[in-house]
Amino acid sequence: MRILLVSHVAPPHIGGVENLVLMEAEGLAEAGHEVTWLTSDAGGAGGEVAASTRLRVVRVAAWHLPERRFGVAYPLFAPSLWWHLWREVGRADLVHVHGLVFLGSPLAALFARLRKKRVVCTDHGGLLRFRSRFATLLLRVVMATLGRITARCAHKLIAYNHDVEALLVRLGGGTDKVQFLPNPVDASQFRPPTAAERQAARAALGWDDRPRVLCVSRLVPHKIDVLLQAHDPGYELVFCGPGDAAAQRRIRDRGATCLAARPRRQVVELYHAADAFALPSHNEGFPVAIQEALACGLPVVSSDLPAYAAYRGTPGLHLCEPTPEAVRRALQEVLAARSAASPRDTDCGREHWLDELCRPARDAAEGAA
């Protein structure tokens with residue numbers, strides 16, 4: 001099967017969506033499919049996508065001012081996006097777009113419908129809330145217009161939290177084509193460390209025996225501010241991810257450690273070295289970093305949001321109110337217990353996840369036969 005993946009960014013740009021789409025692209029290629037990944041020309045500190053005979057990456061020129069000025073990764077694609085998408089959609093049997101409102105998403109979904117190709121859409125954020133009321137309002141307007149076009153054109157809509165699921169039902173016009181499908185984690189990379197691996201990871205970072213609480217994310221206010229305010233003498237906060245100089249300075253001024261963004265294989269070493277993971281954001285889907293930390297055996301403290309209802313009861317996941325006091329108390333408890341979380345068996349669902357994404361094209365082919 002020939003599969004086209006469309007996303008706004010890809011490695012070396014660093015982020016959870018990028019890693020998820022990379023895992024999808026590599027998994028589909030390993031399964032024998034011919035995969036084309038169309039994305040922007042955004043750069044970053046991560047590793048490059050390793051192209052192969054079954055995986056081809058098409059990078060389209062874009063203007064990245066929204067990310068440079070406001071920390072919002074929303075590439076403004078060059079007009080050549082139209083021609084690239086029309087060509088690649090024509091070659092594909094299945095189109096999978098990531099995100100409802102990025103400029104490539106409604107265009108790819110619309111072209112797929114016009115060319116009678118099956119299209120799947122996974123949305124990763126839903127209706128996020130920004131500090132700027134104007135930005136929040138703008139997202140709602142774009143979601144109601146571009147997002148609705150993407151949702152109506154898609155044959156299947158994928159959500160991995162309840163808020164996004166409800167949004168997709170509303171925009172897509174019903175429940176029939178909406179599916180809740182949690183993301184998997186590659187357990188060949190993200191697994192609990194041996195005692196020797198943990199010791200080596202801490203030594204490489206120069207860490208002593210003081211407990212370290214790790215946060216891997218973009219260094220933006222809605223992801224880091226609550227955790228920064230939950231600082232405590234009993235542990236050291238360690239942040240790792242892309243962010244501007246102001247965010248890095250704010251982290252260091254609070255007495256926390258700020259590490260530069262790094263490729264995924266090096267992030268594994270951080271998970272192996274840390275004592276706990278925390279990401280008490282108030283504006284999320286369900287971060288891939290949380291799933292990776294759990295798979296590495298770390299206890300995780302995150303926000304108790306209605307959208308996370310399906311994940312309550314996950315071994316090692318501690319949900320609390322996204323306030324500094326509640327987060328500090330939860331971290332003190334998990335560090336005092338010092339019992340590693342039972343790793344979540346996420347990799348066993350990888351083949352099922354890929355199979356579900358390919359189902360619309362396969363069903364269409366069987367119907368035509």
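**Reading the cavities**

Mentor: About 30 Å³ of space lies in the second largest cavity. A cavity is a set of points on a 1 Å grid, over the protein atoms alone, where a 1.4 Å probe fits but cannot get out. The volume is the space filled by probe spheres set on the points, which are joined across faces, edges and corners.

Trainee: What should I know about the model itself?

Mentor: This is a predicted model: local features need pLDDT of at least 70 and side-chain atom pairs count only at pLDDT 80 or more, while totals for chains, interfaces and linings use all residues. Residues are numbered from 1 along each chain as its sequence is written, and side-chain values use heavy atoms, leaving out hydrogens and water.

Trainee: Which residues line the second largest cavity?

Mentor: Lining residues have an atom within 4 Å of a point. Here they are V6, S7, H8, F77, H98, F102, G104 and S105. By class, three are nonpolar, five polar and none charged; Ala, Val, Leu, Ile, Met, Phe, Trp, Tyr, Cys and Pro count as nonpolar, Asp, Glu, Lys and Arg as charged, and the others, Gly among them, as polar.

Trainee: How many cavities of 30 Å³ or more does the search find?

Mentor: Two, across the whole structure. The largest cavity holds about 80 Å³ of space, and its lining includes N19, L20, M23, R264 and E292. That lining has six nonpolar, three polar and three charged residues.

Technical notes:
1 Å grid on protein atoms, 1.4 Å probe; cavity = no way out; pocket = protein on both sides within 12 Å on 5 of 7 lines; lining within 4 Å.
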